[in-house]
Amino acid sequence: MAGNEIASAGGEAGDVMKREEIACGRRVSCQPVTFGDGKRYTGRVIYAHAGGRWITVEFETPGGPLRESFMREDVELIC
């Protein structure tokens with residue numbers, strides 16, 4: 001495994017992510033529990049745990065920014 005890669009909790013060979021994929025500022029799609037409607041929303045990563053365990057995503061809402069934390073496997077990167 002290269003120095004810029006980390007294995008996920010599952011530890012399967014094909015289940016490796018690069019640290020730069022979860023960098024702050026990246027756009028992601030996820031399902032916030034706070035909204036409670038079961039839909040996926042697009043947000044921006046504002047914090048990424050150094051070990052890749054969780055990230056904090058900020059969503060723009062009419063009432064101002066809303067932040068929620070997610071496990072890495074619960075979000076999809078948007079290119």
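**The aromatic rings and their setting**

Guide: The structure holds three aromatic pairs, where rings of Phe, Tyr and Trp (its six-membered ring) pair if their centres lie within 6.5 Å. One of them joins Phe59 and Phe70, with 6.3 Å from centre to centre and 75° between the planes, an edge-to-face arrangement; planes under 30 degrees apart count as stacked, over 60 as edge-to-face and the rest as tilted. The pair links distant parts of the chain, since Phe59 lies in strand β5 and Phe70 in strand β6, 11 residues apart. Strands here are DSSP runs of E with at least two residues, and helices are runs of H or I with at least four, both numbered from the N terminus.

Before going further, a word on the basis: this is a predicted model, in which local features need pLDDT of at least 70 and side-chain atom pairs count only at pLDDT 80 or more, while totals for chains, interfaces and linings use all residues. Residues are numbered from 1 along each chain as its sequence is written, and side-chain values use heavy atoms, with hydrogens and water left out.

Back to the rings. Phe35, Tyr41, Phe59 and Phe70 form one aromatic cluster. Phe59 and Phe70 are both buried, meaning under 20% relative accessible area, against over 50% for exposed and partly exposed in between (1.4 Å probe, protein chains only). These two also belong to the largest nonpolar core, whose nine residues include Ile22, Val28, Cys30, Val45, Ile55, Val57 and Val75 as well. Such a core is a set of buried Ala, Val, Leu, Ile, Met, Phe, Trp, Tyr and Cys residues joined through side-chain atoms within 4.5 Å. Strands β3 and β5 (54-61) each supply at least two of its residues, and β5 gives the most, with three.

Setting aside neighbours within four places in sequence, Ile55 is in contact (heavy atoms within 4.5 Å) with Ile22, Val45, Tyr47, Ala48, Glu68, Ser69, Phe70 and Val75.

Now for the sheet. Its five strands form an open sheet in the order β6-β5-β4-β3-β7, paired antiparallel; two strands pair if DSSP finds at least two bridges between them. Because β6 (64-71) and β7 (76-77) stand at the edges with a single partner strand each, one side of each has no neighbour in the sheet. Further in, four bridges join β3 (residues 27-30) to β4 (residues 41-48), and here Cys30 of the core stands opposite Tyr41 of the aromatic cluster. Two bridges make up the antiparallel link from β3 to β7.

Over residues 1-17, though, pLDDT stays under 50. Overall, the chain has zero helices and seven strands, and buried residues make up 27% of its 79.

Note on methods: pLDDT is the predictor's confidence in each residue, from 0 to 100.
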